[in-house]
Amino acid sequence: MTADAVAPEARKAAQAEAEPAPDARTPGQPPATVTSLHEWRLAHLPPDTRPLPSVSHYDQLLRRRRTSGSGHREGEAQ
């Protein structure tokens with residue numbers, strides 16, 4: 001391209017940057033908000049009706065069962 005062809009294109013670009021963009025909203029309409037797809041999916045999930053998880057059945061595994069005369073002192077691994 002020659003300088004003669006570039007100058008009008010540069011002028012058009014500069015003029016387009018200086019002009020404000022037309023507002024597509026109608027007066028009195030609130031501005032649009034952008035919601036991420038992840039947030040939208042979470043908002044549209046059905047309620048979770050499952051009971052909360054319980055670890056009470058593991059408590060019986062954690063209880064120490066001592067046998068008499070085992071020879072282990074308090075605090076030692078069995």
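Predicted model: local features only at pLDDT ≥ 70, side-chain atom pairs only at ≥ 80, totals over all residues.
Is tyrosine 58 exposed, partly exposed or buried? Tyrosine 58 is partly exposed, as its relative accessible area comes to 46%.

1. Let's start with the overall layout. The protein has three helices and zero strands. Reading from the N terminus, you get α-α-α.

2. Next, the surface. The protein has 78 residues, and 0% of them count as buried.

3. Together with Val55 and Leu61, Tyr58 makes a nonpolar surface patch of about 360 Å².

4. Now for the charged pairs. You can look for two salt bridges in this structure. One of them joins glutamate 9 to lysine 12, and their closest N and O atoms are 3.6 Å apart. That counts as a salt bridge because the cut-off is within 4 Å. Both residues belong to helix α1 (residues 3–18), where they are three residues apart, or about one turn of the helix.

5. How accessible are those two partners? Glutamate 9 is partly exposed at 43% relative accessibility, while lysine 12 is exposed with a relative accessible area of 52%. The line between the classes is drawn at 50%, with exposed meaning over 50%, so lysine 12 at 52% makes it into the exposed class.

6. Arginine 50 also has a salt-bridge partner, namely aspartate 48, with 2.9 Å between the closest N and O atoms. Both arginine 50 and aspartate 48 are exposed.

How values were computed. Residues numbered from 1 in each chain as written. Heavy atoms only, no water. Patch = residues over 30% accessible without salt bridge, like charges linked within 9 Å, V, L, I, M, F, W, Y side chains within 5 Å. Areas by Shrake-Rupley, 256 points an atom, 1.4 Å probe, with all protein chains shown as cover. Salt bridge = Lys/Arg side-chain N within 4 Å of Asp/Glu carboxyl O. Buried < 20%, exposed > 50% of the residue type's maximum accessible area, 1.4 Å probe, protein only. Helix = DSSP H or I, 4+ residues; strand = E, 2+ residues; numbered from the N terminus.
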